[in-house]
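Hi everyone, thanks for making time this morning. Let me put the model up on the screen, and then I'll walk you through it.

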Amino acid sequence: MALLDRSRWYDIARSTNWTPSYVAESELFPPDQSDPYGIPTAEWETFDEPYKVSYREYVNVQREKDAGAYSVKAALMRSQYYENADPAYLSLLKMHYGAIALSEYAACQSDARMTRFSKAPSMRNMATFGMLDELRHGQIQLYFPHQLVTLDRQFDWAHEAHHTRNWATLAGRHALDDVMMTRDAMTTSLMLNFAFETGLTNVQMIGLSADAANMGDFTFANLITSIQSDEARHAQIGTPVIEIMIRNGKKAEAQQAIDVAFWRIWRVFALLTGIPMDYWFPLEKRDRSFKEYMHEFVITQFERQLLDVGLQRPWYWEQFLDDIETHHHCQQAGIWSWRNTVWWNPTGGLGPDERDWLEQKYPGWNATHGKYWDVIIDNLRNGRPEKTEAVGMPAICNMCQIPISNKGGTQWKARIYQREHEGRRYNFCTPVCRWVFDTEPKRYKDWNTIVDRLYNGEINPPTAENILRYMGSGVVSEGGRDAHGYDWVKGYDRPGTEAAE
Amino acid sequence: MTASKPATRSKNMAGPLLRGGEIAVAACEAIQEDNPEKQVVIEDHRTYVRVEAEGGLIIRRKTMEEILGRPFRMQELEVNLTGFSGQIETDENYMRWYLKLDL
């Protein structure tokens, strides 16, 4: 039987608003869940999604996507790829699945909130598909690593990470809870669909796929681009929200929501994506540097979309460009030094050739970040590996929950930005994280960082062993160690290398 | 597919990012056919192919059907549309990527 063209019935099918007679509209759509901006319902009814899909089409297409992802996995399972993979590459997968899999379930709830509470009927329709998308992403990214748990217990963090108090989990969850879980339907859409999914997910889910394919891991490369094809669709929920807000005099509010969310997600994703791309992939497998991917997907593509929908670059854009040169380098050094706290095995990965590559991609790397590694390399080459393991706790940012750090060596830029609020002193890594706090102190003021928990007695006794246990290290699996057993320092034995003298 | 990249990228490029494979090859051909007046820039990154042109691009269902030699629902492109630059418009008979502002 011939089907009607979608465009002939679509408008009727998505017009599902009604006039409530048993309850007040404010009970049906409470402002703090639906729309704190007070935009009239008739305005929300003009919501016209640019990326249209019917349920029938959705189910067909999603079935095809899943069939593709699962059949590639099944076909390649016999290749014993993971049994023979570079341990630093496996660390990337452990970090990815631990950070992402259950975040997708969280995103499912965010879309469910839009599905229930949005006053725009078309948005409810699209968010229903978004909700199903995120459910798929949660399930598939638990299923794929599940077979790897028998290979290496650290893969169990795919399922466990979000249930622990590991510092990396706290950082990720703090950011995601802020942008996805604790906002009204409209702000969630601005923060999640636009700031997060239109921007930074592309670097992880598309950019990283090119590197993964170079490593020969077509299962993962295929999986993440398949997931991103869902994101490309439901990310479009945000665009009409921005249009309607601008038209109704709420441009500043929309801009602020995007500025907050973009920064919060950036601070976390720089670790997730930036560190593996620039340090963990073998040199010959690197497609491009993290910075180059950021330029392609964020500075060029996302910034252009932001301007096109009528908004501006975030006010901190210059600071953000500087952070692309800095943040993940600092955190690579920090995470490697505190490696027993994490659920993956990071590699130092810094032989002479890798340093040349970093210097070429990030001019000045040797004179700044490199100085920290000079000491580490010297200790490793002279039989003092115990001196490369950090003792004590770093200062942690009260916003991003990440150790406060910046360039060292010839440019000592690390400093703490503080704010006194209701008798408590808060520490921040940058003026931007402090600005986020200032936008809504009430939202953020009661949260305790992992270091706060040490001082307020929550981690008791505050011994090194107990801190690790509190974070799940040694509980869910063994904590991290250098992925290559320090083999990468052997490159300096070669005559003529910088650190060889 | 070979990469053809201009020295400086215009600020007004828009178009699809396709997952590398059979559909990407067909779609690149269709896009070149459907946008005869445009200089289409194709960057092949193996797992994804960035296809863009100044001011954006259109791809038509009819052209895809001719190239593939079988019926094609426009929605099928979603399986391989991993992202895009610019804004998007979808229809049963075409997909279009465009920009509102000319910078």
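What radius of gyration does chain B have, and what would a compact globule with 103 residues have? Chain B has 13 Å, and that agrees with the value near 13 Å for a compact globule of 103 residues. The radius is taken over C-alpha atoms, and the globule rule is 2.2 Å times the number of residues to the power 0.38.

Some housekeeping. This is a predicted model, so local features need pLDDT of at least 70 and side-chain atom pairs count only at pLDDT 80 or more, while totals for chains, interfaces and linings use all residues. Residues are numbered from 1 along each chain as its sequence is written, with chains lettered from A and ligands numbered from 1 in the order in which they are written.

Staying with chain B, its C-alpha trace spans about 40 × 30 × 25 Å along the principal axes. There are two helices and seven strands, in the pattern β-α-β-β-β-α-β-β-β along the sequence. Those are DSSP runs, numbered from the N terminus: helices are H or I of at least four residues, strands E of at least two.

Now the sheet. Four strands of chain B form an open, antiparallel sheet in the order β2-β3-β1-β5; pairing requires at least two DSSP bridges between two strands. At the edges sit β2 (41–44) and β5 (81–85) of chain B, each pairing on one side only. Four bridges join β2(B) to β3(B), residues 48–54, and V41(B) stands opposite E52(B).

Here chain A comes in: its helix α10, residues 218–234, packs on the sheet, touching β1 (13–19), β3 and β5 of chain B. The direction of α10(A) makes about 50 degrees with that of β5(B). Contact here means C-beta atoms, placed from the backbone, within 7 Å; axes are lines fitted to C-alpha atoms, for helices over the stretch in contact, and angles run from 0 to 180 degrees between N-to-C directions.

How many residues does each chain give to the contact? Chain A gives 30 and chain B 29. On the chain A side, α10(A) has the largest share, six residues.

Finally, within chain A, the axes of α9 (185–214) and α12 (251–280) come within 8 Å and cross at roughly 20 degrees. The two helices, α9(A) and α12(A), are therefore roughly parallel, the label for angles under 35 degrees. Thanks, and I'm happy to take questions!

How values were computed. Contact = placed C-beta atoms within 7 Å. Parallel < 35°, antiparallel > 145°, perpendicular 65-115°, else oblique.
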